[in-house]
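I opened this entry to look up charges over rings, ring pairs and surface patches.

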Amino acid sequence: MKYYDIVIIGGGPAGLAAAVAARKNGAESILILERDKELGGILNQCIHNGFGLHTFQEELTGPEYAARFITQVKELQIEYRLHTMVMDISSDKIVTAMNREEGMFQIQAKAVILAMGCRERSRGALNIPGYRPAGIFSAGTAQRLVNIEGYLPGRKVVILGSGDIGLIMARRMTLEGAEVQVVAELMPYSGGLKRNIVQCLDDFGIPLKLSHTVVDIKGKERVEGITLAEVDEKGKPIPGTEEEYECDTLLLSVGLIPENELSRGMGVDLNPITSGPKVNESLETSLEGVFACGNVLHVHDLVDFVSEEAAAAGRNAADYICHHKTSDEIQDRCLQQNTIQLSTENGIRYTVPSEIRMEYMPEELTVRFRVGGVYKNCYISCYFDGERILHRRRPVVAPGEMEQIKLTREQLAKYPLLEKITLKIEEA
């Protein structure tokens, strides 16, 4: 069996940034395991620009952004294996993986960083009636077909769901000569970034129908058309509102799910709201020495925030290795230290992290969260036990855009008996 300080599962933007940060913070032997034929993950098929404004202060395409980190990984001589599938991770951090060259093999890690990303929700999860004709794709699959394989999935397109990939594919398909007739969204608000609605739909005259869904798919061999209907506040189709669209392709952009089969198998506690692991201020899961970052933790809207979060996970994993404690020592320290729980109310769905251990609190900690609806002219408030310490006015907050606040060690040190931090939305 081979031994490594840190094994990183996934060679996408999160895995790459975590590896670079871990190496720069003193971790010696690092191994990235990636199931695809190259590093970079989903960025390789995201050929549009808009990446890197926060990280590199310039606008890059997805492959350019990935290349910056791949170059650093190679310069720092960080080991990686491609075409390698991780089958299992035990609770004592033994990683079982397989590839063509070595067959099945095992690695003992001192720390594991989970960076497997997320996957798209499929048609099967939507229960749309109809046969199973050709011409139904997830938006990400269509993106890969167009941008990497060089195929055009169809000529007359309807898109269900207004997530960022769906919005970007509405523009991409239009630029390739297809006719995108409509983007339909079940919710009364879009799930994508405002800038993508403007640049990908408004600029091309593509209509966005909120509170609408597909209720029927026509065609046996190939999609021939779909039926769209308006839905009520409970998401149920309203009889009499049906509209027929003739099309040969239906793209689904109906949400992303963190890829957590491995996490679940090794016994990591998962958050039912995000479907990702519960983590503390160090991005450490319920299993000691196992960290999580990027879209496997919670779905991000900007890759820059993935890199920032992954760098923190890499630093914390390196710190864990350099000051490796036995489980008994850690348990003793856990009993002594003050753990503060983060809770949410009034429209805020979750926070990452979900708890803070004061002993490990950095000088400044970013708490990220999403809201459950569109709120206009409101305040994001933060309470330490019952006392309000932050009251930030926002003209609008929406589910499609991740929010964040920063807490400092100095702030928390003033409340030595603090047990709970609560985030909520309050009316202006």
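I began with charges over rings. Lys424 sits over the face of Tyr383, 4.6 Å from the ring centre. The model is a predicted one. I found Arg68 over the face of Phe56 as well, with 5.0 Å to the ring centre.

Phe56, Tyr65 and Phe69 are linked into a cluster by ring pairs. I noted a count of 5 aromatic pairs. For Tyr65 and Phe69 I read 5.5 Å between ring centres and 45 degrees between planes; this angle lies between the cut-offs of 30 and 60 degrees, so the pair counts as tilted. Both residues belong to helix 2 (residues 62-75), and because they are 4 residues apart there, about one helical turn separates them. I looked up burial too: Tyr65 and Phe69 are both buried.

I then turned to Phe291 and Tyr320. Their pair is edge-to-face, with 6.1 Å from centre to centre and 70 degrees between the planes. Phe291 is in strand 17 (residues 290-292) and Tyr320 in helix 7 (residues 303-322); the pair links distant parts of the chain, 29 residues apart.

Last, I checked the surface. A nonpolar patch there is formed by Met85, Met87, Met98 and Met104, with about 380 Å² of accessible area together. I placed Met87 in strand 4 (residues 85-89). Its relative accessible area is 42%, so Met87 is partly exposed.

Conventions. Residues numbered from 1 in each chain as written. Predicted model: local features only at pLDDT ≥ 70, side-chain atom pairs only at ≥ 80, totals over all residues. Heavy atoms only, no water. Patch = residues over 30% accessible without salt bridge, like charges linked within 9 Å, V, L, I, M, F, W, Y side chains within 5 Å. Areas by Shrake-Rupley, 256 points an atom, 1.4 Å probe, with all protein chains shown as cover. Salt bridge = Lys/Arg side-chain N within 4 Å of Asp/Glu carboxyl O. Helix = DSSP H or I, 4+ residues; strand = E, 2+ residues; numbered from the N terminus. Buried < 20%, exposed > 50% of the residue type's maximum accessible area, 1.4 Å probe, protein only. Phe/Tyr/Trp six-rings, centres within 6.5 Å; stacked < 30°, edge-to-face > 60°. Lys NZ or Arg CZ within 6 Å of the ring centre and 35° of its normal.
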